Amino acid sequence: SNVMNRCLCYTALMSLCVQMESVREREQPRTSVNLGCKPDTQLVLYDPSKLLPLHRPKLRYEICNRTIEIEQEWAELGLSGVVWDAAPFLAYYLEKSPSTIQGKRVIELGAGTGLVGMVSNMLGAREVIVTDMKTTSAERNMRLNHHNLINDCIKVSHLEWGKDISHFNPPFDVILAADVIYVEEGFDPLLNTLSQLSDASTTILLSCAHRYDWVEKFLARVAVGNKLRPFIVTSQENISIYQLVKIL
């Protein structure tokens, strides 16, 4: 599909850019390259200090009075194999707002390493489904952190946005997603999936890193022809958490 092709294009170029960043001795603080897929699609190249975490084989987070270890596999898994900043930002927000999760039925979209979903389990969610198109990283990290999970009411499942997802038995109480807005062609499939998974009582939280105007374009799309209304919950530096409220 076009979305998959764009994601593969993004992954390949990001991998190339990371390698370039690691060997160059002098860097601009922020530069950009065109992806070659559309004229207005660009990729931010961060300074080396921002890219270093992507190369670390293991990261540790102190959340919920536990040490969560995340194994990263950039070379093997690309985007889904590393932790992006919006994920721990959302995880720490949930730790401070446990009532959002406790006793709730939760699904995470674009989960990558599964950090947010695991934290949801640790906070007492009734059920957690961790989803992505590539589930290898989430499955590995779930096994690595099994001793941290408070119960077995958590699983990893393949989910492709825009497809029929009735087998997930929606609606959910809570939908979580971190750093999933980076390809414009994915906006409508994501909105379709959010709509299928939710009802008016569902809490939808999107943790977004602001890169160029992708988040702003997504929020503009939300406001056109959708029954979702965005509200900002919290923000720090270049990351914001938005709640989408479904209007019936």
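At 75% relative accessibility, Glu237 counts as exposed, where exposed means over 50% relative accessible area, buried under 20% and partly exposed in between, computed with a 1.4 Å probe on protein chains only. The structure is a predicted model, in which local features need pLDDT of at least 70 and side-chain atom pairs count only at pLDDT 80 or more, whereas totals for chains, interfaces and linings use all residues. Residues are numbered from 1 along each chain as its sequence is written, and side-chain values use heavy atoms, with hydrogens and water left out.

Glu237 is placed in the loop between β10 and β11, and its phi is near 50°, a positive value in a residue other than glycine. Helices (H or I, at least four residues) and strands (E, at least two) are DSSP runs numbered from the N terminus. The strands β10 and β11 form a hairpin with two residues between them, Glu237 being in the turn. They run antiparallel and are joined by eight bridges, two strands being taken to pair if DSSP finds at least two bridges between them. Within this pairing, Ser235 stands opposite Ser240 in β11.

Strands of a sheet pair through backbone hydrogen bonds, either parallel or antiparallel. The parallel sense is found between β5 (residues 105-109) and β8 (residues 174-178), which pair over four bridges, with Glu108 opposite Leu176 in β8.

Contact here means heavy atoms within 4.5 Å, while axes are lines fitted to C-alpha atoms, for helices over the stretch in contact, and angles between N-to-C directions run from 0 to 180 degrees.

Two packed helices are described by the angle between their axes and the distance between the axes. For α7 and helix α8 (residues 214-222), the angle is about 50° and the axes are 11 Å apart. The two helices α7 and α8 are therefore oblique to each other, given that angles under 35 degrees count as roughly parallel, over 145 as roughly antiparallel, 65 to 115 as roughly perpendicular and the rest as oblique. The contact is made by Phe187, Asp188, Leu190 and Leu191 of α7 together with Trp214, Lys217, Phe218, Arg221 and Val222 of α8. By class, this contact has six nonpolar, no polar and three charged residues, where Ala, Val, Leu, Ile, Met, Phe, Trp, Tyr, Cys and Pro count as nonpolar, Asp, Glu, Lys and Arg as charged, and the others, Gly among them, as polar.

Ala138 lies in helix α6 (residues 136-144) and, at 4% relative accessibility, counts as buried. When neighbours within four places in sequence are left aside, Ala138 is in contact with Gly112, Thr113, Gly114, Val130 and Val156; Ala138 and Gly81, which are 57 residues apart in sequence, are 8.3 Å apart in space, C-alpha to C-alpha. Ser157, found in strand β7, is likewise buried, with a relative accessible area of 15%. With its neighbours within four places in sequence again left aside, Ser157 is in contact with Ile129, Val130, Thr131, Asp132, Thr135 and Phe168.

Most residues other than glycine have a negative phi, and most peptide bonds are trans. Cys64, which is not a glycine, has a positive phi of about 60°; Cys64 lies in the loop between β3 and β4 (66-71) and, at 10% relative accessibility, counts as buried. The peptide bond from Pro170 to Pro171 is cis, with omega near 5°, and Pro171 is found in the loop between β7 and β8.
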